[in-house]
Amino acid sequence: MNEHPHFDRTDMAAECCADLDLEKGVRGIRFREYQTKGIAISQLHVTSGEGATILGKPQGRYVTLDVGKVWLKSDEDFEIAAAVLAEELSELVRSKVSTLDCILVVGLGNRFITSDAVGPLSVKNLTVSRHIKELDPPLFEALATLPIAAIAPGVVGQTGIETAELIRGAAEHISPSVILCIDALAAKSVDRLAVTVQLSDNGIAPGSGIGNQRRAIDEAFLGVPVIAIGVPTVVDSSTMVYGMLEKAGVTDLTEPLRAELENGRSFFVTLKDADTASAEMARLVAHAIHLAFSTDRA
């Protein structure tokens, strides 16, 4: 195990496995890797409390897809990435929900901060259809989709209300079969920024990757299964520097160096073209949701 986990801040379950010999097997953790249409996918299933302690992540399933730089891809490659993501999302949802009547999509994050805007931008790209089912049935049939509702509730600093409470209010009113929460994540490696998507079936704790602990958005609180869709957009500066030192073979931290790393805990690094990357990843996520919940698939 890593000697300095304090400098390995990450929301990515796959990154928490770096020091585990998963090929030999780890109690309470199942792991497999495969490719679909050229896209690398890893599936991680934390099956017990012991596995959760070892990994540092709650029990549940985590699926990570390496979709690449979608903002540089051709339209054809974009469609392939969206279709593969839709397939994985559909499988994860249907493993939790037997009957789908309505989907509530929640775009978490602050739309005015580029690296935190993936959630709201995804909602902006969605075609919501729940209201159309009653207002215009022929149009709803033409859309060929399950009823989808969406909200982008902002962050507690904008509303003064816990995001989980806002979502619960919406869920109590429309009774969705499942809630999809889209959020920006923090990664350990800059190589993952805006090129990977993580799906998980155990909900999400907004802001946890950057040290802001908010009420968890999960089935226990909402009474509805919650699937998280996360896109890493930032790296903690100290985590990034420690990663570089580790690659250079420097793992024995002196106290002055440790102190400097601690001073960098409140700084986060993102891509120079984060605006384009976030916008395109949001478009990818929205398109995948449409594909996953089309009536053809249902």
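The following legends describe close-up views of a predicted model. Local features require pLDDT of at least 70 and side-chain atom pairs pLDDT 80 or more, whereas totals for chains, interfaces and linings use all residues. Residues are numbered from 1 along each chain as its sequence is written, and side-chain values use heavy atoms, without hydrogens and water.

**View A. Packing of helices α2 and α11.** Helix α2 (residues 75–96) packs against α11 at an angle of about 55°, with the axes 8 Å apart; helices are DSSP runs of H or I with at least four residues, strands runs of E with at least two, both numbered from the N terminus. Residues of α2, including Phe 78 and Leu 85, meet residues of α11, including Arg 283 and Leu 284 (contact: heavy atoms within 4.5 Å).

**View B. Arg 283 and the ring of Phe 78.** Arg 283 lies over the face of Phe 78, 4.0 Å from the ring centre (CZ of Arg or NZ of Lys within 6 Å of the centre and within 35 degrees of the ring normal).

**View C. Ala 274 in helix α11.** Ala 274 belongs to α11 (residues 274–292) and is buried, at a relative accessible area of 9% (buried is under 20%, exposed over 50%, partly exposed in between; 1.4 Å probe, protein chains only). Thr 114 is 160 residues from Ala 274 in sequence, yet their C-alpha atoms are 6.7 Å apart.

**View D. Loop residues with positive phi.** Lys 37, between β1 and β2, has phi near 55° and is exposed at 64%. Ala 194, between β6 and β7, has phi of about 60° and is buried at 4%.

Notes. Axes are lines fitted to C-alpha atoms, for helices over the stretch in contact, and angles run from 0 to 180 degrees between N-to-C directions.
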